[in-house]
Amino acid sequence: MGSERMRGRRAVVARAPRVAVAVLAGLGLAVGLTASPAAAATTEGNWINEGGPARSPSAMTALWHDNETYEAARGEDDRIWWRHGNGAWQLMPGNARAVRITSNFTFTAGEQEFYASRGLTNTVSIARTRPGDGRNARYTELPGGGRCESLAIGRGGDPGHLATSPFDPGYAAQQNMAIGCISPTDHQLYLNRSTDGGNTWSGWSHSTGGPSPSDAAPEIHGFPGGEVFAVLSWGSDTAPFKRHMIVMKRVM
C-alpha cells in the first residue's frame, strides 16, 4: 500500500448495500437452523492473501462499482488507505486517522429491506420490512441461537441495481446472503447462509479449510454474479499467513 506503514485498509467508503444485522457476543458452537438444500450444498473456496503487503487490525471493506472493485482499510498506523482495481494502496486525502471504523447497514433484496443489530445478550437479530418502512421493523432472533463478539452480513448481486422481480436477470444473484461471525470462545469465523433472500438460513457452521483466526470483525461482500466473499484480518502468526494480513475466501 504505498508504504510499508500503510499496512491495512479499512475505511468508510460507499459500501455495497448490506443487511443491517444485530449480533451478540458469543458463538461457541455451530448452531442449527433447518438448512435449505441449496444452502447446505455450498462449497467454500480457499483463503488467499487479498491485501498483498498490507497489514490491518480490521478487515477491509469492499464495493463493486462500475465494473471495478473499490477497497479500503484502517492501517496499523490508524490511517485510512484505499485502492481500486487491485492497484496500489493510497492514503486517504486529509491524513485522517481512525481508531475504529464501524457502520450500520440496511440492504434490499427483492422486495424486502433487512435490518440487523447486535443486542445486549450477544444474539443475532434481523428484521425485514417493506423498502422505506424501517421505523416499523420488528426484530427477531436469527434461528440458530449463535453468539458472536463481532459480525458482518452481505449479499450477492450488483449493489447498484435493485432486482425486485424474479424475472430480473439479477434477482437470483441477490438471493445469496451470508452472515459472518467471530466466536468469543475460539475467535474463529462461523457462517450462516441463505439462498432465498433471507427467508431461511442454513444454521451456523465453522468456516471450512482449516483455522480462521481473527480478533476483529469480519467483512462480507458480494459480486454481481451472486458470489459472496468473507474477509478477515488474520488473527495470528499461524501458517500460511502473518498476523493482520488481509485474507479473503469465497463462501457462496
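Author: Strands (E, at least two residues) and helices (H or I, at least four) are DSSP runs, numbered from the N terminus. The model is predicted, so local features need pLDDT of at least 70 and side-chain atom pairs count only at pLDDT 80 or more, while totals for chains, interfaces and linings use all residues. Residues are numbered from 1 along each chain as its sequence is written, and side-chain values use heavy atoms, with hydrogens and water left out.

Reader: What makes E4 and E5 a pair?

Author: DSSP has 2 bridges between E4 and strand E5 (residues 90–91), and the rule asks for at least two, so they pair. The two strands run antiparallel. In E5, Gln90 is the bridge partner of Trp82. The hairpin of E4 and E5 has 5 residues between the strands, and Gly85 takes a positive phi near 60° there.

Reader: How do you know that E3 and E4 pair?

Author: Strand E3 (residues 68–74) and strand E4 (residues 80–84) are joined by 5 bridges and run antiparallel. Among the partners in E4, Ile80 goes with Arg74 and Trp81 with Ala73. This hairpin of E3 and E4 also has 5 residues between the strands, and here Asp78 takes a positive phi near 70°.

Reader: Why is the contact of Cys148 and Cys181 called a disulfide?

Author: A disulfide is a pair of cysteine sulfur atoms within 2.5 Å. The sulfur atoms of Cys148 and Cys181 are 1.5 Å apart, and they form a disulfide. By this rule the count comes to 1 disulfide. Cys148 lies in the loop between strand E9 (140–141) and E10, and Cys181 in strand E11 (residues 177–182), so the pair ties together parts that are 33 residues apart in sequence.

Reader: What is the handedness of that disulfide, and why?

Author: The torsion about the S-S bond of Cys148 and Cys181 is about -135°, so the disulfide is left-handed.

Reader: Are Cys148 and Cys181 buried or exposed?

Author: Buried means under 20% relative accessible area, exposed over 50%, and partly exposed in between (1.4 Å probe, protein chains only). Cys148 has a relative accessible area of 0%, so it is buried. Cys181 also comes out at 0%, so Cys181 is buried.

Reader: What makes E16 mostly covered?

Author: In strand E16 (residues 246–250), 4 of its 5 residues are buried. As for its pairing, 5 bridges join strand E15 (residues 228–233) to E16, and these run antiparallel. Leu232 stands opposite Val247 in E16. Strand E1 (residues 48–49) pairs with E16 over 2 bridges, again in the antiparallel sense. In E16, Met248 is the bridge partner of Ile48.
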